Protein chains: 4
Amino acid sequence: MTSEDLQITQHAEHQIDNLASEKAQALAEACAAALWADDKATQSLDIHVGAIKPGACTLSMTITDNMCNGHGTCHGGYIFTLADSAFAFACNTYNQRCVAQHCTITYLNPAQTGDQLDAHACELSRQGRGGIYDIRVINQLGTAIAEFRGHSRTIKGQLLPED
Amino acid sequence: MTSEDLQITQHAEHQIDNLASEKAQALAEACAAALWADDKATQSLDIHVGAIKPGACTLSMTITDNMCNGHGTCHGGYIFTLADSAFAFACNTYNQRCVAQHCTITYLNPAQTGDQLDAHACELSRQGRGGIYDIRVINQLGTAIAEFRGHSRTIKGQLLPED
Amino acid sequence: MTSEDLQITQHAEHQIDNLASEKAQALAEACAAALWADDKATQSLDIHVGAIKPGACTLSMTITDNMCNGHGTCHGGYIFTLADSAFAFACNTYNQRCVAQHCTITYLNPAQTGDQLDAHACELSRQGRGGIYDIRVINQLGTAIAEFRGHSRTIKGQLLPED
Amino acid sequence: MTSEDLQITQHAEHQIDNLASEKAQALAEACAAALWADDKATQSLDIHVGAIKPGACTLSMTITDNMCNGHGTCHGGYIFTLADSAFAFACNTYNQRCVAQHCTITYLNPAQTGDQLDAHACELSRQGRGGIYDIRVINQLGTAIAEFRGHSRTIKGQLLPED
């Protein structure tokens, strides 16, 4: 193989990689749209999907009075719910239905009424039917509010209709 | 000490135990009332406090459409929120403010729109500033929905005003 | 059905229950013996199996110098190992091979060289291929050393040879 | 300030940053040496400290027959112990004594007799008295064996003697 052949081969491989990556990205976005359309819980909390990538996403939610106690501190359940939604969107980017099996959350700082929380989810592990996802919840100042780890399990069924 | 003296002493001790137990029960109920009055999150989800004892409680919630995805399956965040509220009510029965530090939840069976979920919280351990509480969430048929373990930490402040 | 018939039926049912219970107990003991025979790790730590019941067991271990740091405080790994062994013995009492999938441990009090630790394992949940087991580790004074929760999963294979 | 002044200032700040970083690195290494000297448990398992940085470390251990069951599969307790040691070395790099409070481990693939396991620990969060550390355990082929998350808490005392 000449040096020129090698370059052409590498260029072709690079194009194939890009194509695969674009296809995975398109699938992730289509899955998120399908998940969102069905998810009244996430919709009714005004959770916004900021970014989606295969195995990862960012979701945002603004803390309202009804999510708080009398002192304006957010109930841990709503912080968990935001993180859990981010977990669900991240693990369902492969068009294979996934459900939460086991989750842990550690609370680092309180959130207040009016805070805008971002939940950043990324994939730590995916093997067989199981996956592990880490979600960090931060407020509008970048202060860490909670660290969440979710264990997912695939179930039968796909998110998107077959072509 | 005669046998009669012993009986009188035992009877007196029993009365003191009962008195202490009644006082602890009254304190637990007063704390729950104070916690509830401040907790818009728990109120707005129509969570009912069924029973309160020192270190323990039962809370109930009915699953609504807005807590579900399009298939009528409850979002894990709301199951967590019910369990987390039960955890909060159980660990705050001693008039010493407690907050959640770390929680784990395992999902066992899905909950559906219309299900009435009960969360039973009991104390596993309380030592120094830390406590561990186990919460089982079941539906109206007694089917286990989730197992939750919460780690609490006392903070400054009391729930009830000083006399 | 006469009242006498009813009594005979109840008596027969009671005998069947007892028989089933005795069979389950014999199976649990046979599984524990098979597990022990293969488990060099548990053997080499001089872990003793104190009691076995379907879904439950008690294991004991004495803390040696080699399990400790220079101050005589036991390494958390050995406390975990005792609890994890108890978890394994408890979830493998049904002659269906089970492995640990996910475990959590909370340390409550330090253990010292010479302490005799007991790990009491009991079953919280068993459904489909998954099980949840709670293990409490206490020392010879009854002081709680750690609380452990283990999630098991059945795999192919049995512990005992077919008859 | 002239452009030359700015460059000198930036250069000085860069030198100060480097100095602080070198000091933190020296402290981390001194703490690891002090921790190791006292830790018979880690020593007796032939655990090697491969790398130390502030809040991070890599530890290695070879699986022996005595860590396994009869089929040559490593007991989960020893995988946990390696990860827990890495956690301890990582959170004790600031010369402030830290202990494990709560740990979770997820087993991904079995380890075998003769495997060399590496545990890579890094700091996720450190705030007030609490810290969170993530530890990944891999084998000599790079296969993930377990994911561990440890929650630490500072206690009184330092690792190094005062000058």
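Author: Start with burial. A residue is buried if 20 or more other C-beta atoms lie within 10 Å of its own. In chain A, 40% of the 163 residues count as buried. Keep in mind that this is a predicted model.

Reader: What makes α3(D) mostly covered?

Author: The cut-off is 20 or more other C-beta atoms within 10 Å. In α3(D), 16 of its 16 residues are buried. Hence the label "mostly covered".

Reader: How do you know what span to expect for helix α3 of chain D?

Author: The expected span is 1.5 Å times one less than the number of residues. Helix α3 of chain D covers residues 76–91, which is 16 residues. The expected value is 22 Å, and the helix reaches 22 Å from its first C-alpha to its last. The computed span is close to the expected one.

Reader: What is the overall layout of chain A?

Author: Chain A has three helices and six strands. Their order along the sequence is α-α-β-β-α-β-β-β-β. The C-alpha trace spans about 75 × 35 × 25 Å along its principal axes. Take the contacts in chain A between residues at least 6 apart in sequence: 67% of them join residues at least 24 apart.

Reader: Why is the relation between chain A and chain B called a two-fold axis?

Author: Chain A superposes on chain B by a rotation of 180 degrees, with 0.1 Å of shift along the axis. The RMSD is 0.2 Å. That is the relation of a two-fold axis. Among the residues of chain A, A:Thr104 comes closest to the rotation axis, with its C-alpha at 2.1 Å.

Reader: How do you know whether the copies meet through the same surface?

Author: Compare the interface residues. Of those in chain A, 100% are also interface residues in chain B, so the copies meet through the same surface.

Reader: What counts as touching there, and how many residues of chain A and chain B take part?

Author: Contact needs C-beta atoms within 7 Å. By that test, 28 residues of chain A are in contact with 28 residues of chain B. On the chain A side, α2 (40–44), α3 (76–91) and β3 (98–107) each supply at least two residues. The largest share, eight residues, comes from β3(A). By class, the chain A side has nine nonpolar, 14 polar and five charged residues.

Reader: What makes β3(A) and β3 of chain B a strand pair?

Author: At least two bridges are needed. Five bridges join β3(A) to strand β3 (residues 98–107) of chain B, and the strands run antiparallel. A:Thr104 stands opposite B:Thr104 in β3(B).

Reader: Which strands are in the open sheet, and what makes two of them edge strands?

Author: The sheet has 12 strands. The order is β1(A)-β2(A)-β4(A)-β5(A)-β6(A)-β3(A)-β3(B)-β6(B)-β5(B)-β4(B)-β2(B)-β1(B), with antiparallel pairing. The edge strands are β1 (48–53) of chain A and β1 (48–53) of chain B, since each pairs on one side only. On average, neighbouring strands are turned by 20 degrees against each other, direction ignored.

Reader: What packs on the sheet in chain B?

Author: Helix α1 (residues 3–38) of chain B does. This helix touches β1 and β2 (56–62) of chain B. Its direction makes about 150 degrees with that of β1(B).

Reader: How many bridges link strand β5 and strand β6 of chain B?

Author: Nine bridges, in the antiparallel sense, between β5 (residues 130–138) and β6 (residues 144–154) of chain B. The bridge partner of B:Ile138 is B:Ala144 in β6(B).

Reader: What happens between chain C and chain D?

Author: There, 28 residues of chain C are in contact with 28 residues of chain D. On the chain C side, β3(C) gives the largest share, eight residues. β3(C) pairs with strand β3 (residues 98–107) of chain D over five bridges, in the antiparallel sense. The partner of C:Cys103 is D:Ile105 in β3(D).

Reader: What makes β1(D) and β2(D) a hairpin?

Author: One bridge joins D:Ile52 to D:Cys57 in β2(D). Two residues lie between the strands of this hairpin. In the turn, D:Gly55 has a positive phi of about 80 degrees.

Methods:
Residues numbered from 1 in each chain as written. Chains lettered and ligands numbered in written order. Predicted model: local features only at pLDDT ≥ 70, side-chain atom pairs only at ≥ 80, totals over all residues. Least-squares fit on C-alpha atoms with pLDDT ≥ 70 in both. Contact = placed C-beta atoms within 7 Å. Helix = DSSP H or I, 4+ residues; strand = E, 2+ residues; numbered from the N terminus. Buried ≥ 20, exposed ≤ 12 C-beta atoms within 10 Å, placed from the backbone. Nonpolar A, V, L, I, M, F, W, Y, C, P; charged D, E, K, R; others polar. Axes fitted to C-alpha atoms, helices over the stretch in contact; angles between N-to-C directions.
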